[in-house]
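Here is a short tour of a protein model, written to be read with the structure open beside you.

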Amino acid sequence: MARFWIFAAALNAFVAVSMGAFAAHGLDGWVSADALGWIQTGARYGLVHAVALLAVSLFAISRQDTAGPGLRYLPFIQSGLLFGCIVFSGTLYIMALTDLRFLGAVVPLGGMAFLVAWFALMLAGLRWGR
């Protein structure tokens, strides 16, 4: 299962960097300034959370031999980060490329997933090392 989370983190980072570069070099003049901003926001959040997912996953691998109480939060952390990347960033990308602005109502669900993941990581941090 660890391979899946590392793959998911790398894939999200790849998409974030690709979309950021595409917005900076390939979309200027093709989409509105708002749409470019949406892609940049999606790329920034996607990359930050992909790195967080990678770090948490690598940390979990290193702790498997000493599975402490903090590891029980791991599914919430990893799933929240991945779901947030897909929904938050993905929806912003789709909005920018298709101009389907009504999808803006979906973006906060991804943001909430990020918050759940960070809250679970806070709880895990309190439990690790006990």
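## Ground rules

This is a predicted model, in which local features need pLDDT of at least 70 and side-chain atom pairs count only at pLDDT 80 or more, while totals for chains, interfaces and linings use all residues. Residues are numbered from 1 along each chain as its sequence is written, and side-chain values use heavy atoms, with hydrogens and water left out.

## The whole chain

The chain has four helices and zero strands, counted as DSSP runs (helices: H or I, at least four residues; strands: E, at least two) and numbered from the N terminus. Its C-alpha atoms fill a box of roughly 55 × 25 × 20 Å along the principal axes.

Of the 130 residues, 41% count as buried, meaning under 20% relative accessible area, with exposed over 50% and partly exposed in between (1.4 Å probe, protein chains only).

## H1 beside H3

The axes of H1 (residues 2–25) and H3 (residues 74–98) come within 11 Å and cross at roughly 25 degrees. These axes are lines fitted to C-alpha atoms over the stretch in contact, with angles running from 0 to 180 degrees between N-to-C directions. The two helices are therefore roughly parallel to each other, a label for angles under 35 degrees.

Contact (heavy atoms within 4.5 Å) involves residues including Phe4, Trp5 and Phe22 of H1 and Leu82, Cys85 and Tyr93 of H3.

## The two sides of H4

In H4, the buried residues are Val107, Gly110, Ala113, Phe114, Ala117, Ala120 and Ala124. Seen down the axis of H4, its buried residues fall within an arc of 145 degrees, so they line one face of the helix; the arc is taken from the directions from the helix axis to the C-beta atoms. The face turned away from the buried side of H4 carries exposed Leu115, Met122 and Leu126.

Key. Angles under 35 degrees count as roughly parallel, over 145 as roughly antiparallel, 65 to 115 as roughly perpendicular and the rest as oblique.
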